[in-house]
Amino acid sequence: MPIKREIKLESNEIQLEATGEYIFGTQRLSDLVSVIDGRDPKALFNEPNSNVKSSADLLLARIPVGTGDIADRPRGIAITNDGVRAYVTLENSGRVALVDPMVLRQIDTNAETKDIIDPINLGVDASPRSIVIDDRNEYAYIGDGRMGVIYVLDINPNSSKYHQVVDD
């Protein structure tokens with residue numbers, strides 16, 4: 001059983017409200033996940049009564065995902081039903097990044113490596129694109145764009161196979 005330890009990280013400078021609605025989207029060419037304030041849909045159209053000057057004012061954060069050694073190309077994103085974890089497919093590197101939607105940061109999935117934020121590795125020839133999470137937050141189903149397979153990733157934190165591919 002892995003040893004759990006607390007690691008303190010600084011978060012992005014942003015304040016989240018419990019009542020807010022945020023939209024997460026991937027930026028494929030820049031290895032980023034953008035977070036947009038979606039509480040006021042009319043603000044996107046610059047309504048006269050809106051306090052938003054432009055759609056650019058809705059951008060709350062840009063979260064780097066993947067690793068610096070390759071253009072990972074984030075493609076799909078899925079958030080658990082409780083809003084605690086976001087999984088981002090990285091098409092070029094065959095991996096899946098884990099993002100914490102509250103602190104707006106990518107999370108390390110391998111505590112054994114020091115000073116490196118590791119995504120989840122799906123396999124050598126993997127090219128993950130789309131992703132969906134089941135209603136019970138136990139599995140993420142990831143479609144491969146190159147090989148035409150579906151990876152089943154265990155995302156249940158209480159499972160002995162947490163963050164491992166259990167079927168493809």
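Figure 1. Isoleucine 36 counts as partly exposed because its relative accessibility is 31% (buried is under 20% relative accessible area, exposed is over 50%, and partly exposed is in between, with a 1.4 Å probe and protein chains only). You'll find isoleucine 36 in strand S2, residues 32-37 (strands are DSSP runs of E with at least two residues, helices are runs of H or I with at least four, and both are numbered from the N terminus). Together with Ile23 and Leu59, Ile36 forms a nonpolar patch on the surface, with about 210 Å² of accessible area in total. A patch takes residues with over 30% relative accessible area and no salt bridge, joining nonpolar side chains (Val, Leu, Ile, Met, Phe, Trp, Tyr) within 5 Å and like charges within 9 Å. Accessible areas come from the Shrake-Rupley method with a 1.4 Å probe, and for residues only the protein chains shown count as cover.

A quick note on what you're looking at: this is a predicted model, where local features need pLDDT of at least 70, side-chain atom pairs count only at pLDDT 80 or more, and totals for chains, interfaces and linings use all residues. Residues are numbered from 1 along each chain as its sequence is written, and side-chain values use heavy atoms, leaving out hydrogens and water.

Figure 2. Buried residues account for 36% of the 168 residues. The protein exposes about 10,800 Å², with carbon and sulfur atoms supplying 48% of that.

**Figure 3. Inside the largest nonpolar core.** This core has 14 residues, and Tyr87 and Ile142 touch the most other members (a nonpolar core is a set of buried Ala, Val, Leu, Ile, Met, Phe, Trp, Tyr and Cys residues joined through side-chain atoms within 4.5 Å). Strands S6 (95-100), S9 (128-133), S10 (139-144) and S11 (150-154) each give two or more residues to this core. Leaving aside neighbours within four places in sequence, isoleucine 142 is in contact with residues including Val96, Leu122, Ile131 and Leu153 (contact means heavy atoms within 4.5 Å). A second, separate core has twelve residues, among them Val33, Val35, Val88 and Leu90.

Figure 4. Most residues other than glycine have a negative phi. Aspartate 31 has a phi near 55 degrees, and aspartate 115 has one near 60 degrees. Aspartate 31 sits in the loop between strand S1 (22-27) and S2, and counts as buried because its relative accessibility is 14%. Aspartate 115 lies in the loop between strand S7 (105-107) and strand S8 (120-121), and is exposed, with a relative accessible area of 84%.

**Figure 5. Salt bridges up close.** The count comes to six salt bridges (a side-chain nitrogen of Lys or Arg within 4 Å of a carboxyl oxygen of Asp or Glu). Aspartate 72 and arginine 95 meet in one, at 2.8 Å from N to O. That pair links distant parts of the chain, with aspartate 72 in the loop between strand S3 (59-64) and strand S4 (74-79) and arginine 95 in strand S6. Both aspartate 72 and arginine 95 are buried. Arginine 75 and glutamate 91 also meet, at 3.2 Å from N to O. Arginine 75 is partly exposed at 29% relative accessibility, while glutamate 91 is buried at 6%.
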